[in-house]
Every structure is written in structure tokens, then in C-alpha cells.
Amino acid sequence: MVVLWTDALIYILCFAVLGIAFFLRGKEHIKRPLQNIAHSKAGMASLVVLLFFVLIGLLDSVHFKPANSKSNEIISLLDYWATPLRERGEKTYSAPLATTLYSKEMMTLADGSTQWGYPRLEFGGRHLDYPETQHLSDVLKKAGYGFAQGAGLSGLIILCYLGVRLISQGDSKCAFTLGAAARTVWAVMIIIVSLSCTLIYLSAYYHVLGTDKVGEDVFYQAVKSIRTGLVLGTLTTLIMLPMAIIFGILAGFFRGWVDDVIQYIYTTLNAIPSVLLIAASILMVQVYMANHEQDFTSVIVRADMRLLFLCLILGVTNWTGLCRLLRAETLKLREMEYVQAAQALGVKESIILLRHILPNVMHIVLISVVLDFSSLVLAEAVLSYINIGVDPTTYSWGNMINGARLEMAREPIVWWSLSAAFLFMFTLVLAANLFADTVQDAFDPRRSGG
Amino acid sequence: MIHYIIRRFLYAFPLLMGVNILTFVLFFIVNSPDDMARMQLGQKHVTEQAVSNWKQQHGYDEPLLWNANAQGKEKITRTIFYQKSVGLFLFRFGVSDSGRNIGADIQERMWPSLALALPTLCVGLLVDISFALMMVLFRGSYLEHAGIVLCVILMSISSLFYIIGGQFFIAKLLRLVPISGYDDGLAAIKFLILPVLIGVFSGVGSGARWYRTLFLEEVEKDYVRTARAKGLTETQTLFRHVLRNALIPILTGVVVILPLLFMGSLIMESFFSIPGLGSYTIDAINSQDFAIVRAMVFLGSVLYVIGLLLTDISYTLVDPRVRLS
């Protein structure tokens, strides 16, 4: 197993989340907002979608060197399962589910003569003898079969769940009546499982979302991009949180020169247009990497370092907003009676900060983390478009869009790369936005009344 | 008032100094001028002579912070840090890698940027605020719910898709406007319609949502209840009272970005090939022209500081409760 830098940080993040969840279990002030979230249909539905994406992202974060390969390549668990998709490249563009290439070329027929036409794909629809007549019915049949598999699988899961409920509660009437939110969760789950089963089954025979310019499967690219989006959205917050929390609370609590210095730092950082700061830093990393080639042997290590560095830079440009919010909130909190009482009782300042201030600003931290997530995923696309985002060899939606930009001018147009990136990105960001709304409603004391 | 403004101007100086030091560290300490020279000249087969020539051409042939070989005051002044910083503070940005004067380029390219950014801001503000007001007016109804859902959907789509989609449908399929390009004077309008439209559309989701929360906060307040009790209709309270009071946060949010409009929008300008500062910056980033990027960073922070100052002044103008001291 090979642990890349971002992998390690993702594992740490997972453990941190589990640890915090364990620490906070059963705490009354956390339970109430969590119940609010659990009762929200949109919130739970988007949570299921997010968890599905996270699952794929985690699968893609377990890297290892395949035993039988001689080359120095590092692949992930997801790559391993998607090996057929990864290796069955075509020559160039082909439309989704197509059996022939996108462009005409000279073909050599069996009898030796040459003909100008659309050559068959090497892998997509190879099993068909007469694609003209069999194609549509075969696609429908395969899709139906995959869908049935998925529906069966999700049905099985639901049966298991209901069985467990029945055993634990004993009462059959109570066990089989699900709340409105629970019904939504299961409905979304059935859709996701069936859809992904259909796509997986189809992708064994066809290129479900077509192939790109060098003949790589677009579906595979889009799925691989999930990890990049998630890494950027989560690791960036992991990097910016310590800075924002420590500086924000200290500035608000101690005021005076501490406040002045911290305000000076974040105003300075704010003053630089963030895109330019990112551009400048990424340029510098490029120069550094070009001059220290020996440290970055494998392409994937190099791309990973750049991804991590991008998270770092995004964290540096993004922490100021949260820091300002926390400072304002701490300024308010330090005048509260309970903080003043603690001060009067002679409690140490560090204890006051940890016990009384920190827990009471946590809802702001949580809300801003979920709110930032979607904007970071969107920012990745823009940054990659300007060539200051992730490494060009990394799979990401931004790189897909960047590559697909000129394809719109082709005739007939190559729409599938762009649509695939759009579809995946839109699903993730929409789910994140809806979930952020629910979290905000549940945790923000100003909004919980409504 | 005058005293306050002067003090703020003085406060801006350490701020800009901080920006300057930060960019200096980024551009000259993380990678030495030698590294940059090698990068620019290509990695392999670079002679020492070529590197030192390149450095001399760009004025990077002095020591970074301390010139031990020079005499007296020149120990400090004959360094890269001093010369480049003084240049920035006097708005003498020097020469780009392609040999053009950066200051002149900026002056020339600032106007197309403004011609794109200003209409986008104004129309966007108008559309966002009216949309938000509509949602507040019909609050609690299905219309508001549909509006919120629409906002969330609109803001979940990357701005790149708006641009690509807009260019494809409006310019390529319907052929209503040219796909990209720019012209001087009034002829520029037909090139600007589409980018302005797309700019407004891509911002409407988050903008309208934000203004809606501002209005809703205002609607809950006592004076609104009094206004209603007085017998004013819902529209009257909304336009006469709520809108006016909510304008304070809106205005301050707008004023701070007003100077930054000169900087232009990076992606818009590069997609529509408008020769503004945004596309200038992108070109510089792509050709790794450090002098331009550094100049733009500095310019951006100067404009931001001006924006902060304007915000404070506008506060006193619109809100009589605020006094500067």
C-alpha cells in the first residue's frame, strides 16, 4: 500500500470526524439540531448523495502498487475495480454508448479493399455482430438487466434494514412505518444504487459517456474527479480551521495589540485578490518543481503534491472570512455573564477560552465549513480553467471542462465530456448546498426559530 | 472627517507594505532569480552567461536584501527588494517579459475591463434586488418556495457552464451576437451584451439569496410592524421602509468592490477575448510573466484599500447613526 500525502490527510480527517462524533454522542445540545436535520427531507436526501460521493472518494484514496505490474504506477482501489474501463481506450472521440468512432477514416475491409467510413470501436459494443440492427435493443436489454440488479440489491438492503428493525422493536406495525424523511432517504438510495448498477453493468460493454480526444472513457474520468473535488472541499477546510479558530478567538478575547496584529494580518491577506495570490503561489510551486525534479519521481506523486499545495493556498486565502466572524462572535461572548463570572472566579484565561468560548462558537465553524465546501468545488473548476488549479494530469472536472471547451466548436459537436462534468459537478454541489442549508437552519440560533 | 481620511490613508501604508513583503517572499525568496531565469530560458542547456544576461535585463542582478559590495546608503538601495518596492509604490511597474511597459498596458486595458464589469455590476444588482424583493413580497407562498429552489439550482452550476452554454446557444446557434471579440467605442456594445448577460445570470442565484436574507432580517423589525399598523400596504412598507434600510449593508458590500472593477474578470474576459486587465493577467499567468503578476497583485491590493476607505465614507453618508472619528 502506498500512502500519498492527501490520502494520509484524508484518513486523519476521517478519524477526526469519528472522534468528534464519539466525543459528542448523546450530548443534549448537539442532539436537538441533529434531530432537526434528521427530520428534514431535503437535508437527508442530500446527505445520502454526499455520502455516496464520499464513499467513492474514499475508495479512490486507498492507493497501492499492483503486484503483477512491472511499471512504477500507483493505482487506487477504485482503479483496480475499474481496470477494464481504464485500459480499454479507443483511438479518439466516440459518442456515449456508440459502437463506432466519431470521425470517419479509411478502413481496410476483410477482402483487402479500403473504404471511407466510421470504423467500429475496439471495445465499445464489440460483442455485437450487426450493430446497425442490434444496437438499441442490446443497450436497452443491458440497461434493464443492470437496473434490475440494482433494484434487487437495494430491495435486499431495505429488507435487511426492516428485518433488523423488526427484531429490535418486536412490534411489526411500528417497525414498518417509516417517517417522511426516512422514506426519502430510502427512495434516494434506491435511485442511486439502481442507477450506479445500471451504469456499471453497461460500462462493461459500452463507453457509457463516450470517450474523449485520446480515447479515454469519460465516465471513468468523471468518477475519478470525485476524489479531487472532495479533497479540495474538505482538506482546505482542515487547513484553514486551526488558523481561523485560533486567530479569531484570540483576537476577540484579548483585544488590544493581539487584535491589531491579527486584524493587520487578515486585512493584508484579504487585500490581495485571491485568484492572483493563488496564481502567484502556484507559479512558484511550478518553478520549484521544475528545479527539483528528482524529488518528484512519479507523475501521481507530483500531481498529489500540487493538489495538496492548492488546498494549502486555498486555505490561506479562505480563512480570513471565518476568522472575522469568530472574532466578532468572541467579542460578543466575552461580555456575557457566564464568561465574566468565570473571570471573577479566577478561572485561567486558557481554560475560559477552551471551556466557555470555543464550544459556543462551534456552530459558526460548522456552518461555514459546509457552506465553503460547495464554493471550493466550484472554485476548482475555474482555477483549473486558468491553469492554476490541479495538475493537468489529475482527473478533475475543471480539467475536463478545460479540455472540452474547444470541442463545442466541432461539427457535429462533442458534447459528452462537458455534460458528464456538468452532471457530476452539479449533483455534488447541489447536494452540498442543500445540506449546508439544512445544517444552517438546524445550528444557527437566529434561524432555528423559523 | 478629513482627519479620519488622512489617518486611514496612513494606515493603508503598512498594509501595502505587508502585501509588498508577501509578494516579495513569494517571488524572490521561495525561488531565487536564478531559478526563474532557468525556468524562463528552458530547463536544459542554460549557460551561466545566459542566466546572468536574463537577470540583468530584468533588473534582478542585485542582491536580494542587502548589498554588501556597495557603499553607505546604497547598501540598502541597490537591492532588488528596495528597487522593486519603490517602483511599485510609485506605480512604476517596469517592463514585462515581452518588453512592453506594464504601466502603459494597464492604463490602456483598464477601460475594456470597466466597460464589462460596471454594467454587469449595475444590472446584476438591479436584477438580484428585484428578485429578492419579489421573494420577500410573496413570502410564505409557493412562489417564494419556487424562487428559493431556483436560486439553489442556479448557484449550484459552475460559472464556466453559464459561459460555455451562453456562448453556444446565443452566439453559435441563434447567432444573435458575436461569439467573442472587442471593438473600440460604441461598437463594443454588441460584444459586451452577452458577457454582461451571462455575468448577471451566473450571479443571480447567490446574490438574490443573500439579499433575501438581508430583507427578511429587516422585515422582522419593529418599525416595519409599526408601518403596517399605520395602515401602509405591504408593497409600501417594502419599498419605502425595508428597501431603504436594507440598502445600508447592500451599499457597503457594493462600494468595497467598486474599485476592484478595474481589475476585470479573469474568466469572462478570457472566454470573450476582451482585451481587459483580466485577460492580461491570465496571459501573464500562462506565460509565467512574474513582473506583470506582481504588478497586478499590488494594484489589486491598492484598489481594495481604496474600497475599504470608500466603504467607511459611504457609511457616514447613508447612515446618520455612524460618525467617523
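Domain bounds here come from an automatic or database domain assignment. With that in mind, open the predicted model and follow along.

**Stop 1: the two domains of chain B**

Colour residues 13–90 of chain B as domain 1 and residues 110–324 as domain 2, as the assignment has them. The centres of these two domains, taken over C-alpha atoms, lie 39 Å apart. Where they meet, domain 1 of chain B contributes 15 residues to the contact and domain 2 of chain B contributes 11.

**Stop 2: the surface between the domains**

About 1,200 Å² is buried between domain 1 and domain 2 of chain B, and carbon and sulfur atoms account for 76% of that area.

For polar contacts, the rule finds 1 residue pair, with both residues at pLDDT 80 or more.

Next, select helix 1 (2–29), helix 2 (33–41) and helix 5 (80–89) of chain B; these are the elements that each give two or more residues to the side of domain 1 touching domain 2. Helix 1 of chain B has the largest share, 8 residues. By type, this side of domain 1 is made up of 10 nonpolar, 4 polar and 1 charged residue.

**Stop 3: where chain B meets chain A**

Zoom out and bring chain A into view. The contact between the chains takes 45 residues from chain B and 47 from chain A. Together they bury about 4,100 Å², 76% of it from carbon and sulfur atoms.

**Stop 4: polar links between the chains**

Select D437(A) and R209(B). These two residues form a salt bridge, and their closest N and O atoms are 2.9 Å apart. The count between chain B and chain A is 1 salt bridge, alongside 6 residue pairs in polar contact, both residues being at pLDDT 80 or more.

**Stop 5: the helices facing chain A**

Several helices give two or more residues to this side of chain B, among them helix 7 (142–155), helix 8 (159–173), helix 9 (189–219) and helix 14 (290–318). Which helix of chain B gives the most to the side that touches chain A? Select helix 14 of chain B, which gives 8 residues. To finish, colour this side of chain B by residue type: 28 are nonpolar, 12 polar and 5 charged.

Technical notes. Residues are numbered from 1 along each chain as its sequence is written. Chains are lettered from A and ligands numbered from 1 in the order in which they are written. This is a predicted model: local features need pLDDT of at least 70, side-chain atom pairs count only at pLDDT 80 or more; totals for chains, interfaces and linings use all residues. Side-chain values use heavy atoms; hydrogens and water are left out. Contact means heavy atoms within 4.5 Å. Buried area is the accessible area (1.4 Å probe) that two parts lose on being put together, summed over both. A polar contact is a pair of N or O atoms within 3.5 Å; within protein, one must be able to donate a hydrogen and the other to accept it, and residues adjacent in sequence count only if both atoms are side-chain atoms. Helices (H or I, at least four residues) and strands (E, at least two) are DSSP runs, numbered from the N terminus. Ala, Val, Leu, Ile, Met, Phe, Trp, Tyr, Cys and Pro count as nonpolar, Asp, Glu, Lys and Arg as charged, and the others, Gly among them, as polar. A salt bridge is a side-chain nitrogen of Lys or Arg within 4 Å of a carboxyl oxygen of Asp or Glu.
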